[in-house]
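Please keep the sequence and the 3D view open as you go.

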Amino acid sequence: MNKAIEIIDLIKDFGKIRAVDGTSFDVSEGEIFGLIGPNGAGKTTILRIISTLLQVTSGEVKVFDYDVTKDASEVRKLISYLPEDAGAYKNLTGKSYLTFIAKFFGNGKKVSEIVEKGVKIASLEERINDKVDTYSKGMMRRLLVGRALMIDPKLAILDEPTSGLDVINAQEVRHIIKDSTKRGTTVLLSSHNMLEVEFLCDTIALINEGKIVEEGKPQELKKKYNATNIEEVFIGVVQ
Amino acid sequence: MSDLTNIIMKEMKELLTPSTIIPIILMAFLFGAMGNMMGGIEEELKEKPVIGLINEDSGDLSKIATNILNEHAEIIYEGSNVEEGLEKIKEEEGTALLVISANFSEGIYANNPGEIEVYWIMRGAGVMDSISSGVVDFLIGAAEQEISKALIENDVHSDVVLNPTFKNETTIFKNKEMKGVSPSQISGILVSQSLLVPIIMMMIIMMTGGTVISSMGMEKENKTLETLLTLPVKRSEIVIGKIAGSAIVGLLMAVIYMVGFGYYMSSLGMSSEVNLADLGLTLGMNDYFLVGVSVFIALLAALSLCMILGTFAENYKSAQMLNLPIVALAVLPMFVIMMKDFDTLPLILKIIIFAIPFSHPMMAMRSLMFDNYLFVLVGIAYIAIFSVVMMWIIVKIFSTERVLTAKLSLPKFKRKIL
């Protein structure tokens with residue numbers, strides 16, 4: 001299977017603080033790959049580097065063979081990034097916001113098709129025509145998931161996609177993410193919700209203090225650490 | 001530590017951030033510079049005005065006038081040649097050459113007011129540039145009063161006893177000789193005529209600059225910047241798009257403001273006895289074009305500068321604070337130029353005003369009235385280079401992670417204070 005992401009010996013420093021410490025892993029095309037770890041482990045930093053937002057201190061990061069530093073503009077054509085605490089332009093309606101984003105990926109009829117898909121994924125019904133300012137946290141997150149996946153990106157980078165959502169909304173978002181892979185999207189997501197990751201991901205990597213401490217299929221890892229869920233695996237690995 | 005102290009300390013830590021302190025320090029610095037300029041003017045007022053005096057009259061009344069002038073002014077030329085006198089005054093940076101005409105005294109006794117020819121050497125067109133000429137004007141008035149007093153005391157019956165003299169004024173300013181007008185009249189009309197561009201410029205900068213900085217602050221506060229930066233769009237297009245969008249909104253706001261301001265000014269019914277066209281101080285189409293170019297490039301410079309400041313904005317609140325230095329940079333040249341001509345400013349203020357890109361369109365109109373094209377063109381070249389450098393910096397910032405991570409920080413200062 002082709003590599004959607006290839007990371008080799010990635011190091012990222014913020015001044016004297018080392019956020020990512022020699023991380024290496026691959027994500028295969030078409031899979032859902034989960035980065036799991038506690039807060040401050042370096043998950044978001046890795047996702048931001050892959051999204052071309054942060055620069056690499058050392059090491060190599062490739063997205064579909066494009067180097068994120070040298071070929072940043074090519075990488076941006078292939079990805080869709082959903083930051084953990086992302087918002088939308090408050091004075092736009094949900095639909096206007098989706099249209100604004102869609103226009104970067106096509107013209108005329110293509111824009112309408114993309115927006116239609118976004119509206120469907122967000123499933124905000126008639127509220128899609130209301131100003132973003134009036135949305136609840138769950139509605140905002142669904143709009144943003146719709147925005148991230150409506151363009152059928154080759155790689156969706158989702159940082160804590162269900163963060164702050166109630167059980168029902170979180171469940172809906174998980175199904176949306178799972179469905180996106182059927183349309184050919186590779187998903188890299190981060191979460192500290194171990195159960196969510198177990199449900200969603202084909203492969204997971206456990207990250208702690210900027211280092212990948214374990215990687216594999218959820219079932220294999222559970223077996224290896226004789227655990228009933230990924231949470232126990234993580235505790236086993238870290239301790 | 002009491003609960004109250006604890007809350008006060010927390011509030012201070014929240015409010016005393018570099019993004020709130022630095023703009024205030026900059027404002028204080030700029031006001032300090034303005035205060036320094038005002039102090040210089042006060043010194044100027046205390047000094048005796050430097051003049052030249054040609055007395056062609058041998059009568060007693062002209063002696064009264066010369067006595068007053070000798071006492072309260074520093075007379076550096078007392079010859080008989082106007083050309084020579086003017087040269088001397090120009091060389092010594094004097095204010096005026098006064099010529100008391102022949103038969104001055106005789107004429108007054110014969111009911112004809114005595115003529116005092118005044119050649120004003122005007123150095124600047126700011127309100128405060130005419131202070132020294134105002135002092136000389138006051139001395140001429142005092143001399144006239146003394147002559148009246150002498151006439152009344154000596155029981156001289158003359159029809160002109162209350163107004164025994166009249167002035168015949170010629171003002172020489174930037175190689176233009178303007179007859180029948182005083183420096184204060186010229187500076188008054190020039191300030192009112194050339195104030196429009198500085199006010200427009202200041203309003204545009206305040207409105208558009210504020211919009212750009214706030215836009216960046218809101219992008220960060222609403223967490224939309226990260227998404228925008230991962231879209232397949234060139235960073236330079238994001239920069240230009242943000243600048244252009246903010247410029248249009250800011251211009252629109254400035255136009256609405258200016259319409260209101262225009263009505264306000266017209267309602268005051270300001271008029272002047274002096275017509276600039278009569279003095280040869282008019283602008284042609286080419287001049288207006290140059291003013292327009294200067295305004296446009298200065299606007300670009302302002303917006304680029306605001307974008308750079310905007311990258312340091314962590315949220316809408318800090319964006320508002322970061323707008324303060326821009327407002328100060330727009331207000332300072334407007335006030336300075338209104339008060340003093342660039343040529344008559346102290347060297348340090350000259351450097352500051354020249355370095356502020358927004359000063360140039362504010363000074364352009366007045367410079368063009370006196371055919372000082374070189375100054376205007378150098379100013380345009382300077383602000384063009386400034387804009388290019390600012391644009392380059394902002395595109396560079398947007399091309400790196402600094403656009404997301406930049407924030408004002410003063411680590412050492414912070415440790416001491418907090």
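How much area is buried between chain A and chain B? About 1900 Å² is buried between chain A and chain B, and carbon and sulfur atoms give 57% of it; buried area is the accessible area (1.4 Å probe) that two parts lose on being put together, summed over both. This is a predicted model, where local features need pLDDT of at least 70, side-chain atom pairs count only at pLDDT 80 or more, and totals for chains, interfaces and linings use all residues. Residues are numbered from 1 along each chain as its sequence is written, chains are lettered from A and ligands numbered from 1 in the order in which they are written, and side-chain values use heavy atoms, with hydrogens and water left out.

**The interface**
- A:Leu53, A:Arg76 and A:Tyr89 supply 32% of the area that chain A buries against chain B, more than any other three residues.
- In contact terms (heavy atoms within 4.5 Å), 25 residues of chain A meet 18 residues of chain B.
- Three salt bridges are counted between chain A and chain B, each a side-chain nitrogen of Lys or Arg within 4 Å of a carboxyl oxygen of Asp or Glu.
- One of them joins A:Arg48 to B:Glu226 (2.3 Å, N to O).

**Strands of chain A**
- Strand β1 (residues 3–14) runs antiparallel to strand β2 (residues 17–28), with nine bridges between them; strands are DSSP runs (E, at least two residues), numbered from the N terminus, and two pair if DSSP finds at least two bridges between them.
- β1(A) and β2(A) form a hairpin with two residues between them, and A:Gly15 in the turn has a positive phi of about 65 degrees.
- β1(A) also pairs with strand β4 (residues 58–63) in the antiparallel sense, over five bridges.
- A:Ile11 has bridge partners in both: A:Asp21 in β2(A) and A:Ser58 in β4(A).

How values were computed: Helices (H or I, at least four residues) and strands (E, at least two) are DSSP runs, numbered from the N terminus.
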